[in-house]
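My notes follow in the order I looked things up.

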Amino acid sequence: MSDRSSHWNNVYATKGEAEVSWFQDSPTISIEMIRAANPDHGAAVIDIGGGTSRLVDSLLQAGYRNVAVLDLSANALDAARKRIGPTASLVDWIVADATTWRPARTYDVWHDRAAFHFLIDPCDRAAYVDRLRSAVAPGGQVIIATFAPDGPEKCSGLPVQRHDSASLAAELGPEFEPVETRSETHHTPWDSTQAFQFSRFRRRG
């Protein structure tokens, strides 16, 4: 088990769903941007670093039926499965590191809220983008949310790499066309605030 996997398994083994700073009762911006990216309920959507996020619940409730969730932590995905109940069987749960994962298929929408910004090593970011290129179909869309340039410098005790839409575009390269950027002031469960930015890109071709 990698150091990253150990860290996140420990986080999800010792903290409840609403005891982490990134908890959202309703992932409104993510859902709105996924619907804008592809409103077809048959679209293949993957949530990278999904953990125990309620995005998967919202996608199922919205009628999406081709959903995958990838996370380093088996503990997180087990907790999400238990929360969702019987309909969890509709979801493809993938325990993997997004920098080393080998995608077995392509997706129409790649969503990542607060995973990419933990990749502070340029080699890790390049490896992530390589997997993204393998997994996103031509014409598919990518939504990445990170701490904004004025957001926190750390999360869960780990340093982060903050981004804006321009720095994300530079990481993804010219084959990904910027479509939309949105800002969010996220309120943590203990009512502090964090500046996030969401960027959406379309793969050319």
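This is a predicted model: local features need pLDDT of at least 70, side-chain atom pairs count only at pLDDT 80 or more; totals for chains, interfaces and linings use all residues.

S5 is mostly covered, with 10 of its 12 residues buried. I then asked what lies beside S5.

**Neighbours of S5.** I checked S4 (residues 107–113) and found that S4 and S5 pair in the parallel sense, over 6 bridges. For a reference point I took Asp 112, which stands opposite Ile 144 in S5. I traced the connection next. From S4 the chain passes through helix H5 (residues 122–135) to reach S5, and I noted this β-α-β crossover as right-handed.

I also looked up the pairing with S9. S5 and S9 run antiparallel and share 7 bridges. Gln 141 stands opposite Arg 202 in S9. Ile 144 has Ser 199 as its bridge partner in S9.

**S9 and its hairpin.** I followed S9 to S8 (residues 176–187). The two strands run antiparallel and are joined by 11 bridges. I logged His 186 opposite Gln 194 in S9. S8 and S9 form a hairpin, with 5 residues between them. In the turn, Asp 191 has a positive phi of about 65°.

How many residues of S9 are buried? I read 9 of the 11, so S9 is largely enclosed by the rest of the structure.

**Arg 200.** This residue lies in strand S9. Is Arg 200 buried or exposed? I found a relative accessible area of 9% for Arg 200, which is under the 20% cut-off, so Arg 200 counts as buried. I looked for a polar partner. The side chain of Arg 200 makes a polar contact with the side chain of Gln 141, at 2.7 Å. I then listed what Arg 200 touches, leaving out residues up to four places away in sequence. The list includes Met 33, Ala 36 and Ala 37, then Val 142 and Ile 143, and also Glu 177 and Glu 180.

**Cores.** I turned to the nonpolar residues. The largest nonpolar core has 38 residues, and those with the most contacts inside it are Ile 34, Val 56, Leu 59 and Trp 93. At least two residues each come from H1, helix H2 (28–37), H3, S2, H4, S5 and S9. H2 gives the largest share, 5 residues. Beyond residues up to four places away in sequence, Ile 34 touches Val 45, Leu 55, Leu 59, Tyr 64, Val 109, His 111 and Ile 143. I also noted a second, separate core of 24 residues, with Ala 68, Leu 132, Phe 176 and Phe 201 among them.

**Helix H4.** My last stop was H4 (residues 74–84). Which residues of H4 are buried? I noted Ala 76, Leu 77, Ala 80 and Ile 84. They cover an arc of only 95° around the axis, so they sit on the same side of H4. I looked up what covers these buried residues. The cover includes helix H1 (3–14), helix H3 (55–61), strand S2 (67–71) and strand S3 (92–95).

At the start, a side-chain oxygen of Ser 73 reaches to within 3.3 Å of the backbone nitrogen of Asn 75. Just after H4, Gly 85 takes a positive phi of about 85°.

Note on methods
Residues are numbered from 1 along each chain as its sequence is written. Side-chain values use heavy atoms; hydrogens and water are left out. Buried means under 20% relative accessible area, exposed over 50%, partly exposed in between (1.4 Å probe, protein chains only). Helices (H or I, at least four residues) and strands (E, at least two) are DSSP runs, numbered from the N terminus. The arc is that of the directions from the helix axis to the C-beta atoms. Contact means heavy atoms within 4.5 Å. A polar contact is a pair of N or O atoms within 3.5 Å; within protein, one must be able to donate a hydrogen and the other to accept it, and residues adjacent in sequence count only if both atoms are side-chain atoms. A nonpolar core is a set of buried Ala, Val, Leu, Ile, Met, Phe, Trp, Tyr and Cys residues joined through side-chain atoms within 4.5 Å. Two strands pair if DSSP finds at least two bridges between them. A crossover is right-handed if, with the strands pointing away from the viewer, the path from the first strand over the helix to the second runs clockwise.
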